[in-house]
Amino acid sequence: MVSPAQPAAAMAAFARMVKGQVRNYSAPLDMAIPASKQKYIPSSGSYPKGFLVSGTNVGVKASNTKFPDLALISSETPCSAAAVFTTNKFQAAPVQVSKKTLQSRQGQGIRSVVINSGCANAVTGKGGLEDAVNMGSKVDECNRLSEPSTLVMSTGVIGQRLPISKILDKIPTAHANLASTHDAWLTTARAICTTDTFPKLLSRTFTLPSSPGRTYSLAGMTKGAGMIHPNMATLLSVLCTDAPIDPSALQSLLKHAVSRSFNSISIDGDTSTNDTVAILANGAAGGAPISSPASDDYTAMQDILTSFAQSLSQLVVRDGEGATKFVTVRVQNSPDYESARLIASTIARSPLVKTALYGRDANWGRILCAIGYTQGLAPGTVVPERTSVSFKPVDGSPVLKLLVNGEPEQVDEERASVILQEEDLEIVVDLGGGEKGEQGLGGEEAVYWFCDFSHEYVTINGDYRT
């Protein structure tokens with residue numbers, strides 16, 4: 001016999017389950033892009049010459065019957081290539097294979113990048129390595145190449161083997177569908193998404209000092225929404241340019257850019273097994289190759305690539321799992337860049353700072369605590385009597401001072417609440433060193449980008465695998 005309480009309890013449990021499926025800040029079940037994220041989708045682009053891309057449905061996850069989950073990026077001519085990989089000890093098969101390919105080719109003669117979403121091919125043993133090799137070999141076969149010339153990336157659930165036969169069967173289709181249109185680039189960016197709520201794609205044009213009349217293009221796509229924190233994060237990114245850059249110069253340019261972009265973001269303080277940022281340069285736009293770090297072209301390219309990578313990586317933070325806020329933390333007047341970066345990183349990954357921001361609570365004490373327990377700083381970096389903390393509104397109105405030279409301010413809680421209601425916020429930490437500050441402190445600055453922690457983050461990650 002069923003008691004009256006049992007149906008009521010069952011209904012309450014069902015209601016809780018349904019409520020748990022309503023994700024206000026994550027991808028809808030039909031994969032439609034939320035209205036709040038539509039503004040980040042480019043309607044057009046300026047893409048580098050000689051590159052072709054495609055996004056194809058494989059069904060890496062059996063439940064995916066229509067969305068693209070295989071991305072292919074190819075150059076019509078051989079490229080210089082460089083990459084920065086995860087530092088996680090459990091490096092996924094595609095990371096190991098791509099590293100080996102780059103090393104054996106010495107960063108030259110790379111033609112393609114192939115990426116699947118839905119399965120990370122990580123911690124999959126010798127079979128996983130064979131799968132990654134076979135993915136690259138199949139692309140090389142389509143390009144009629146006998147030497148390994150393809151970088152391989154995967155993203156998704158860890159510990160599961162790829163449905164490799166399905167992937168290999170669809171690679172020729174992906175190759176046949178290669179195109180240079182904006183729609184093709186956008187579809188390709190969509191193909192690498194997992195819990196992302198929108199495809200992340202940027203492009204821009206630029207010139208170099210040696211060829212002021214010549215226009216170059218730079219395009220990039222990335223994915224990532226969770227397990228984001230250096231070095232690096234659950235993110236993949238591919239950058240392409242038609243500028244001519246020698247392999248050794250390309251590697252140093254990418255390393256500098258990544259340190260100030262993809263390695264300066266945090267969503268949840270976790271890092272993963274598959275993280276890869278790669279760049280291909282085919283030189284199709286002509287001009288003299290960039291080689292010497294002492295050249296004006298190198299300096300200009302460093303600024304261009306770093307700025308571009310920052311803009312691209314910031315899209316990852318804006319799509320953080322369950323995130324409601326995009327936060328910039330700027331640490332100023334540090335004796336050295338690395339100390340400033342360590343402090344910014346510590347603030348960015350503090351759960352107490354992140355939850356306070358989600359709750360719109362101007363609890364600056366949590367920021368101060370994070371500054372104070374930062375490890376590995378140069379001696380004399382943090383002196384309480386010189387430390388100041390402020391909220392800087394994005395609307396250009398005056399900063400809200402919270403702490404000035406170690407002394408707490410009388411905080412206007414009403415104004416603080418208004419500032420914290422905005423989606424964007426900047427936290428400024430001034431260590432008080434100045435350009436020639438006391439005790440020889442310098443004026444170095446580091447910037448980090450992060451998001452808040454919401455209930456939604458727990459919901460998404462509580463059932464990610466199941």
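**Stop 1: charges over rings.** Select Lys-200 and Phe-198. The charged end of Lys-200 sits over the ring of Phe-198. The distance to the ring centre is 4.4 Å. Keep in mind that this is a predicted model. Now select Arg-318 and Phe-326. Here the charged end of Arg-318 lies over the Phe-326 ring, 3.8 Å from its centre.

**Stop 2: aromatic pairs.** How many aromatic pairs are there? The count comes to 3. Select Tyr-47 and Trp-185, which form one of them. Their rings are stacked, with 4.8 Å from centre to centre and 10° between the planes. Then trace the chain between the two residues. Tyr-47 is in the loop between helix H1 (5-21) and strand E1 (51-56). Trp-185 is in helix H5, residues 182-191.

Is Tyr-47 buried or exposed? Its relative accessible area is 14%, and buried means under 20%, so Tyr-47 is buried. Trp-185 is buried too, at 1%.

Next, select Phe-206 and Tyr-216. This aromatic pair is also stacked: 5.6 Å centre to centre, with 25° between the planes. Phe-206 has 7% relative accessibility and counts as buried. Tyr-216, at 1%, counts as buried as well.

**Stop 3: the sheet.** Switch to a cartoon view. Look for an open sheet of 7 strands with mixed pairing. Walk across it in the order E8-E15-E10-E14-E11-E12-E13. Which strands are at the edges? They are E8 (265-266) and E13 (407-408), and each pairs on one side only.

Now select E10 (residues 326-334) and E15 (residues 444-451). These strands run antiparallel, and 7 bridges join them. Select Ser-334 and look across to E15: Glu-444 stands opposite.

**Stop 4: helices on the sheet.** Select helix H7, residues 296-318. This helix packs on the sheet and touches E8, E10, E14 (424-430) and E15. The direction of H7 makes about 40° with that of E15. Finish with helix H8, residues 337-348. Which strands does H8 lie across? They are E8, E10, E14 and E15. Helix H8 runs at about 20° to E15.

Key:
Residues are numbered from 1 along each chain as its sequence is written. This is a predicted model: local features need pLDDT of at least 70, side-chain atom pairs count only at pLDDT 80 or more; totals for chains, interfaces and linings use all residues. Side-chain values use heavy atoms; hydrogens and water are left out. Two strands pair if DSSP finds at least two bridges between them. Helices (H or I, at least four residues) and strands (E, at least two) are DSSP runs, numbered from the N terminus. Contact means heavy atoms within 4.5 Å. Axes are lines fitted to C-alpha atoms, for helices over the stretch in contact, and angles run from 0 to 180 degrees between N-to-C directions. Rings of Phe, Tyr and Trp (its six-membered ring) pair if their centres lie within 6.5 Å; planes under 30 degrees apart count as stacked, over 60 as edge-to-face and the rest as tilted. Buried means under 20% relative accessible area, exposed over 50%, partly exposed in between (1.4 Å probe, protein chains only). A charge sits over a ring if NZ of Lys or CZ of Arg is within 6 Å of the ring centre and within 35 degrees of the ring normal.
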